[in-house]
Structure formats: structure tokens, C-alpha cells
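Let's take a walk through this one together.

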Amino acid sequence: MSDLNQNIAKLDVHLQRFRDHGVLNFIDGVSTTAQSGELFDNYSPVDESYICKVAKSSVADVDHAAKSAAAAFPAWRDMPAKERKAVLLRIADAIEARAEEIALCECWDTGQAFRFMSKAAIRGAENFRYFSDQVSSARDGKNLRSPTLMNITTRVPIGPVGVITPWNTPFMLSTWKIAPALAAGCTVVHKPAELSPLTARLLMEIAHEAGLPKGVWNLVNGLGEDAGRALTEHPAIKAIAFVGESRTGSLITRQGADTLKRMHLELGGKNPVVVFEDADLDRALDAVIFMIYSINGERCTSSSRLLIQESIREEFEAKLIERVNRIKVGNPLDPSTEIGPLIGEEHFNKVMSYFGIAGDEGACVAAGGSRVGDKGYFVRPTLFTLANNQMRIAQEEIFGPVLTSISFSDEEEAIQIGNDVPYGLTGYVWTNDLTRALRVSDALEAGMIWVNSENVRHLPTPFGGVKASGIGRDGGDWSFDFYMEQKHIGFALGDHKIPKLGA
Ligand code: NAD
């Protein structure tokens with residue numbers, strides 16, 4: 001049997017439980033339907049086939065989940081660090097043990113290629129392992145001593161938190177938010193994206209089988225405007241960790257205002273990769289291709305704008321076109337597939353619309369620019385050349401395997417174009433001139449820059465964006481800044497003089 005057929009056979013076994021029972025909520029340690037009994041349908045983007053029903057939750061379900069998270073909070077907060085660490089480690093082990101099942105379900109649910117999703121499942125385990133190691137130091141404070149007071153700062157978990165995740169790499173992103181929340185001592189209500197609910201359910205089950213106490217982590221499925229909104233408005237939920245579109249980020253900030261929610265927003269991007277004429281062009285070519293066409297380009301950190309120095313433009317673009325045309329589009333379950341289908345019809349139509357927009361704006365569709373087949377949401381990897389930064393294809397997040405190439409003459413112009421977008425998540429700089437690399441890295445408005453490299457995530461480092469790309473940082477101790485409150489305790493060291501009133 002071919003690798004593809006083997007994966008199809010294995011997936012069929014894994015999907016059976018979803019076909020039989022649908023994707024239910026999980027609240028207070030119990031699988032539940034939505035209180036209204038309402039369900040919605042979930043389809044695969046690969047062949048548009050029906051997968052299963054999903055619970056369509058509303059305010060009442062979110063209320064149940066939030067109250068359950070609030071009730072479970074004191075015991076989870078006060079659990080000795082050693083025990084909490086052990087639970088998180090068991091979750092990491094259990095994710096690894098079921099990595100193949102998770103990857104296959106994720107491929108079918110999202111259209112992401114197996115070659116990347118098998119790694120994403122392992123990354124999910126790493127997120128739990130990394131944050132389990134941080135449990136013992138999460139509450140650490142400082143002694144900021146003054147002559148008269150011992151000033152102790154300490155940290156306490158903020159309380160029950162809401163986690164709202166998008167459909168792109170949903171498994172990995174859920175672990176990325178939930179692992180540090182649990183490590184900090186917070187309890188969680190998770191609302192996954194309606195378009196990709198399968199692996200959030202697997203993850204939750206894994207956590208409970210690993211010994212997570214009931215109520216510590218609750219799963220509520222449903223639409224953003226119902227279940228998501230109710231979560232952002234619930235008074236028992238103290239903070240919202242959100243990953244999604246920039247305009248949804250604004251919306252949930254408004255929704256959370258009445259209950260004064262702390263918000264962490266990881267939003268969209270239109271990230272530049274700047275290639276100077278003195279760069280190692282072979283390595284730059286590999287990285288440019290990888291950072292926009294892997295994960296179907298449905299990736300917040302994708303380098304969707306190539307800023308190429310005019311002197312090397314023609315040669316670099318010619319090589320790019322040749323490689324882009326060879327990228328293998330196909331069934332995501334096939335381990336040799338490099339690009340699978342886009343997540344669904346609406347997103348497919350959005351991405352396809354930019355193929356027309358590019359032509360209307362006067363850019364050249366140098367590769368791709370069309371659908372592949374007539375079933376499923378496959379598009380050809382696409383390259384727009386002869387673009388300028390004012391065009392919509394240069395300003396708007398397309399969120400697909402679509403690269404816009406813009407030329408620049410010198411460093412100053414590269415920086416000006418790089419920064420002339422509403423977003424500021426990542427930037428990539430290719431040059432062998434060390435001081436130029438530092439100058440450009442410093443000048444680009446972005447939360448993260450990689451020099452002569454693709455995006456390589458190192459968990460202790462801060463992850464997050466500026467401008468319309470977000471507010472807040474994840475990673476290392478920065479995650480705990482969000483999930484915990486800093487607390488000051490002052491101890492008088494002696495009989496320092498207390499002001500007397502009415503004496
Ligand atoms: P989206 O904003 O449409 O949805 C994200 C989540 O928010 C979903 O679970 C959705 O149900 C929920 N939601 C929608 N409306 C809501 C509301 N009114 N109240 C509460 N919740 C609501 O985003 P998407 O299309 O699922 O994901 C793609 C986007 O995510 C892209 O813009 C991408 O750049 C971004 N993203 C950013 C990062 C990052 O780290 N910066 C990472 C991954 C994805």
C-alpha cells in the first residue's frame with residue numbers, strides 16, 4: 001500500500017468516533033452537547049466531504065464552562081508545583097504517543113500537509129514539556145529592598161482564562177496558549193475555531209486521561225459571534241488569549257471592555273523578507289520559498305512580501321518561478337505533498353479574488369494564479385511580480401500560498417517599504433553585511449526579525465507583533481507576565497517612623 005493509502009486507512013479509523021458522536025463540548029470533566037441541542041456540520045477542505053457534527057454552544061454553555069473553571073481554580077492554583085509539573089509532563093508524553101492520529105485528523109480538518117502537521121503535533125508536546133519545566137519558577141518574585149522595607153514581589157495566577165484559537169495549525173496554537181496558562185496555575189475555557197474542531201477535542205481528552213483534574217480545562221465549541229463572544233464577556237473569565245485576525249482582535253477588545261479583560265492578541269501579518277544583492281542567494285531562495293509556501297501560506301509569520309534589490313531581481317525571480325512551479329500540490333495525507341487545500345470555500349474565494357486584483361492593479365502573475373482541480377479548495381502556489389507597495393496585494397493579508405515581489409534600490413528604500421503596511425509581526429533580512437543586518441533589523445517595525453534564516457522558533461524567546469499584528473508576548477517568562485498578576489508585599493524592617501494623625 002502507498003504511504004497515501006496507508007494514511008487514508010488510518011484516518012478512517014480515527015474519524016469513526018467523530019462520525020459516531022460528533023465533536024462535543026467537555027465541561028467539568030464531562031462530555032456534553034450544547035444545552036440548546038444545536039449542532040453544526042464540519043466538512044473537510046480536501047474533498048468537501050462531510051466529517052461530523054459539532055456542538056453549537058451559546059451563552060449558557062460558556063457560563064457553565066466559566067463557572068466550572070472558576071470552581072476548579074483554587075485547587076489548581078494551590079497544587080504543589082511538583083504535582084502540576086508532573087501532570088503537564090504526562091500530557092506531553094500522551095501527545096507524542098498519539099502524534100500520528102493528531103496529525104492525520106489535523107490534515108483532514110484543515111488541509112495542511114502531513115509533512116508539516118506531523119511536526120506540529122510534536123511541537124505541541126514540546127510546548128507542554130517546556131512549560132512544565134517553568135512551573136517551579138512561575139511564582140518567583142524579587143526582593144526589591146529599601147532601607148526600611150523588605151519589598152517582596154511575587155506572582156499569582158490571574159484566575160480562569162479564555163483561550164480563543166484560529167483554524168490554522170489549530171493543535172499547535174492551542175498548546176502554545178494552554179500549556180503556559182496551566183503552568184501558571186490558571187484554569188482554562190478553550191473555544192477553538194469552528195472550521196477545525198477535531199484536534200482541540202483530542203487534546204482535551206489527552207489532558208484528562210493524563211490526570212488533569214476536572215474543570216481545570218473546559219472545551220466549548222461554537223461560532224465566534226456566539227460562544228466566542230460570550231467567553232470574552234463573561235465576568236468570571238479574567239483574561240483572553242486570542243489568536244486570529246486583526247479585525248476580530250479589535251472586536252473582542254471592545255467585547256471585553258465592560259468586564260475589564262486583560263487581552264493578549266496574536267493577529268495578522270504582511271511580513272517582508274528583504275533580500276540584498278550581497279546575500280547568500282541560494283539559501284535566501286530556499287528560505288523565501290519555505291516561509292510563504294509551507295503550511296499553505298496560512299501562517300501568520302509567512303513572508304508574504306519579497307523585497308528584492310533591483311540589481312538581482314530578474315535572476316532571483318527567474319529561479320523563484322522555476323521552483324514555485326515545481327511545488328507539489330495534492331492530498332495533504334500524502335507525505336510527499338507540499339501544499340494542500342485552503343481551509344474552506346470562503347477563504348478559497350478570498351485568496352482566488354487576489355489573482356484578479358493583481359492583474360487589475362498592473363502586477364504580473366508570474367506563477368500560479370489559478371485553482372487546481374474542481375474538488376476541494378486547492379490553489380496553485382502563486383507569485384506576483386512587478387508589484388509596488390501601494391497595491392492591495394502588497395498591503396492586505398492574503399493568508400494563502402501567494403507571494404508579492406517588490407523591488408527596491410537601496411537600504412533606505414527597503415526599510416521604507418518594509419514598514420509601510422499596517423502590520424508588524426515578523427521580518428526577514430538577507431545580507432552578508434553585518435552592520436547593515438543590524439541596522440535593518442533595528443529599523444524594521446516588527447516584533448521578531450530573523451537574519452539569514454527562516455523563522456526558527458526558540459521557546460524561551462518572546463513571540464508577538466507590533467502595530468496591527470498584536471499586543472503582548474508569549475514564550476519563556478513572557479507568557480507568565482500575561483497569565484499572572486505581579487503582587488507586592490512590603491515588610492517593615494524595624495520601627496520606621498509612621499506618620500501620626502490626630503496624635
Ligand atoms: P478569526 O479572527 O476569524 O477567528 C479566530 C477565532 O476567533 C475563532 O475561534 C473564531 O470563532 C473566534 N471569533 C470570531 N469572532 C469572534 C468574536 N466576535 N468574539 C470572540 N471570538 C470570535 O481568525 P481565523 O480566520 O480563524 O485565523 C486566521 C487569522 O489568524 C489570520 O489573520 C492570521 O494571521 C492570524 N494568526 C495570527 C497568529 C499570530 O501569532 N500572530 C498565529 C496564527 C494565526
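This is a predicted model: local features need pLDDT of at least 70, side-chain atom pairs count only at pLDDT 80 or more; totals for chains, interfaces and linings use all residues.

**Helices, a cavity and a ligand**

Helix 4 (residues 99-110) and helix 6 (residues 170-184) have axes that come within 9 Å and cross at roughly 115°. Two packed helices are described by just those quantities, the angle between their axes and the distance between the axes. Zoom in on the contact itself: helix 4 brings Ile102, Glu106 and Thr110, and these meet Pro170, Phe171 and Met172 of helix 6.

Searching the whole structure turns up 3 cavities of 30 Å³ or more, and the largest cavity holds about 60 Å³. What lines the largest cavity? There are 15 residues in its lining, with Pro272, Gly418, Tyr423, Thr426 and Glu445 nearest the centre. Helix 14 (411-419), strand 17 (423-424) and strand 18 (426-430) each give at least two residues to that lining.

Last stop, the ligand. Around the ligand sit 29 residues, and the nearest of them are Lys191, Glu194, Thr248, Leu267 and Glu397. Two of those names come back when you look at individual atoms. The side chain of Thr248 has an N or O atom 2.6 Å from an oxygen atom of the ligand, and the side chain of Glu397 likewise places an N or O atom 2.6 Å from a ligand oxygen. Arg229 takes part through its backbone: an N or O atom there lies 3.5 Å from a nitrogen atom of the ligand.

Technical notes: Residues are numbered from 1 along each chain as its sequence is written. Side-chain values use heavy atoms; hydrogens and water are left out. Axes are lines fitted to C-alpha atoms, for helices over the stretch in contact, and angles run from 0 to 180 degrees between N-to-C directions. Helices (H or I, at least four residues) and strands (E, at least two) are DSSP runs, numbered from the N terminus. Contact means heavy atoms within 4.5 Å. On a 1 Å grid over the protein atoms alone, a cavity is a set of points where a 1.4 Å probe fits but cannot get out, and a pocket is an open set with protein on both sides within 12 Å along at least five of seven lines; lining residues have an atom within 4 Å of a point. Grid points are joined across faces, edges and corners, and a volume is the space filled by probe spheres set on the points. A residue is near a molecule or strand if one of its heavy atoms lies within 4 Å of it. A polar contact is a pair of N or O atoms within 3.5 Å; within protein, one must be able to donate a hydrogen and the other to accept it, and residues adjacent in sequence count only if both atoms are side-chain atoms.
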